Amino acid sequence: LKLSQRRFMANGSKTESAVWPIPMVVSYQLKGESKVRAHRFVFDRREAEVTLPGKGELLWVNANPRETGFYRSALSEDLRGKLLGDGFKRLTAIEKVGVLNDLWARAASGDLPIGDYLDALAKFSGEKDRVVLDAMGGQLQILSDKLLTTGAQREALGRFARTLVGKQWKSWGWGKPGDDNDRKRARASVLGILGGLAPDAALLRDARKKLDRYLKDPGSVDPNLAEELLGIGARNGDRKLFDKIAAAYRRSDVVDEKNQLMLGLGMFRDPALVQAALDLTFAKDRDSHGEEFDVIRGQDVGEMLGLMLKGADTQEAAYRFVVRRWKDIREKAGPFGAERIIRSLAAMWNKMTLDHMKKFFPAADNHEPQADRSFKQSVELVENGLVFKQAAGAAAGRWLAHSTMMARDSRRPKD
């Protein structure tokens, strides 16, 4: 096994670095053996060759089993293919997440073509573990929100998402008696992927019916689905639904439920409703005794605005609102809430916004000392994200278009 080490940089820069003594474990399987072997050693040179115990053809190798090593692994194309082929069924959920995250990090840094990442992601079709599904969903959402630029590209991504999780949804549906907690959570993850990227008319209709039930009686719906139902409803909802969610939010005295309803209000796409949600952060109401109180509490303002700064359909309006009301926000949300908002600026992959951020938040009147580290991190993440978008956006669109074409061709009747 040939090894080399270098410092991983999220922005893709390659600089000379120290050589670290790295405790490593590799797992592997040899042809003709059913067992998985493990080999432990310390890798303390820039490059090395390690002989794995045993005789026979190497079927696959995993360079970070159980994800216990504090490093990213970058397998060669041949070894990556073997791990995602013969080795895939031997990977645990956490190991699958590690493989995905390493591939995604390499693609984001420019170390791996985005098409190679998508080829690997396609191998996860039919995945049933919630932890893995959540990792897949998060990366797919970034592709949709940040890298793709046209409706056609996002439609192609939606079709790809259906190849990944459509079978699970068809099998699991909205729930069956006897489903355990793992299945319920995995169902919610699949619903989040389909609802965010590839909702069809039937899914939207059924989700709205369940959301209406939830708003009347939260106990009537699996709580694992509440967040996804609110998201699907809000992204496709109107003023009537916004008012229903706002009324349910005002009625609720259950902390988790109230928080989910608040965040649901921040996910609407209609510009007027986006502004209505933003205005709620400073709205007042009166209780039965005529006492005035904040509709959204000070400690929740950072979470609400942070969510809206991350949303592709809400972030521009949210950023303008934050800049305009920054003094009031800091006063109401406090240093902790202000820091949370500044941390959320990392999702603003826009060059003009980045330039404005660099001038606005360090200014004396706007500076939040507690958020200095978060601000630097947000700026760095936006800069890295813009490079990633420039380098990989068009290639991701081409891969998805080719994938759609190949799927269409495969369905054509043969002569």
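Q: Is E155 buried or exposed?
A: This is a predicted model, so take every value here as computed from it. The relative accessible area of E155 comes out at 53%.

Q: How far apart are the C-alpha atoms of E155 and S171?
A: E155 sits in helix α5, which covers residues 151-172. Going from E155 to S171 takes you 16 residues along the chain. Between their C-alpha atoms, the separation is 23 Å.

Q: What separates the C-alpha atoms of G334 and E368?
A: G334 belongs to helix α14, while E368 is in the loop between α15 and α16. Along the chain the two are 34 residues apart. Their C-alpha atoms are separated by 9.7 Å.

Q: Is E368 buried or exposed, and which residues does E368 touch?
A: With the cut-off for buried at under 20%, E368 has a relative accessible area of 9%, so it is buried. G334 is buried too, at 15%. Leaving out residues up to four places away in sequence, E368 touches R330, P335, A338 and I342.

Q: How do α6 and α8 run relative to each other, roughly parallel or roughly antiparallel?
A: Helix α6 spans residues 181-197 and helix α8 spans residues 226-235, and their axes lie 9 Å apart. The angle at which they pack is about 10°. Angles under 35 degrees count as roughly parallel, so α6 and α8 are roughly parallel.

Q: Which residues make that contact, and how do they divide by type?
A: On the α6 side you'll find A188, L191, G192, G195 and G196. On the α8 side there are E228, L229, I232 and R235. Sorted by type, the residues of this contact are four nonpolar, three polar and two charged.

Q: What kind of aromatic pair do W104 and Y117 form?
A: A search of the whole structure turns up twelve aromatic pairs. For W104 and Y117, the ring centres are 5.1 Å apart and the planes sit at 65°. Planes over 60 degrees apart count as edge-to-face, so that's what this pair is: edge-to-face.

Q: How many residues apart in sequence are the parts that W104 and Y117 tie together?
A: Both W104 and Y117 are buried. W104 lies in helix α2 (residues 93-109) and Y117 in helix α3 (residues 114-122). The parts they tie together are therefore 13 residues apart in sequence.

Q: What is the angle between the planes of W326 and F361?
A: These two residues are both buried, W326 as well as F361. Centre to centre, their rings are 5.2 Å apart. The pair is edge-to-face, with the planes at 85°.

Q: Where do W326 and F361 lie, and how many residues apart in sequence are the parts they tie together?
A: W326 is in helix α14, residues 326-344. F361 is in the loop between α15 (351-360) and α16 (372-411). So the pair ties together parts that are 35 residues apart in sequence.

Q: Which residues do ring pairs link into a cluster?
A: W326 and F361 form an aromatic pair, and both of them belong to a cluster held by ring pairs. The members of that cluster are Y319, W326, F360, F361 and F375.

Q: Which helices are included in what covers the buried residues of α10?
A: Helix α10 covers residues 255-265, and its buried residues are E257, L261, M262, L263, G264 and L265. What covers them includes α7 (201-216), α8, α9 (239-251), α11 (271-280) and α12 (298-310).

Q: What is the phi of R66, and what is the phi of E67?
A: R66 is in the loop between β5 (58-62) and α1 (77-83), and E67 is found in the loop between β5 and α1. R66 counts as exposed at 66% relative accessibility, whereas E67 counts as partly exposed at 26%. Neither is a glycine, yet phi is positive in each: about 65° for R66 and about 55° for E67.

Q: What is the length of the polar contact that joins the side chains of R37 and E33?
A: R37 lies in strand β3, residues 37-43. Not counting residues up to four places away in sequence, R37 touches V26, S27, Y28, L30, P53 and G54. The polar contact joining the side chains of R37 and E33 is 2.9 Å.

Terms used:
Residues are numbered from 1 along each chain as its sequence is written. This is a predicted model: local features need pLDDT of at least 70, side-chain atom pairs count only at pLDDT 80 or more; totals for chains, interfaces and linings use all residues. Side-chain values use heavy atoms; hydrogens and water are left out. Axes are lines fitted to C-alpha atoms, for helices over the stretch in contact, and angles run from 0 to 180 degrees between N-to-C directions. Helices (H or I, at least four residues) and strands (E, at least two) are DSSP runs, numbered from the N terminus. Angles under 35 degrees count as roughly parallel, over 145 as roughly antiparallel, 65 to 115 as roughly perpendicular and the rest as oblique. Contact means heavy atoms within 4.5 Å. Ala, Val, Leu, Ile, Met, Phe, Trp, Tyr, Cys and Pro count as nonpolar, Asp, Glu, Lys and Arg as charged, and the others, Gly among them, as polar. A polar contact is a pair of N or O atoms within 3.5 Å; within protein, one must be able to donate a hydrogen and the other to accept it, and residues adjacent in sequence count only if both atoms are side-chain atoms. Rings of Phe, Tyr and Trp (its six-membered ring) pair if their centres lie within 6.5 Å; planes under 30 degrees apart count as stacked, over 60 as edge-to-face and the rest as tilted. Buried means under 20% relative accessible area, exposed over 50%, partly exposed in between (1.4 Å probe, protein chains only).
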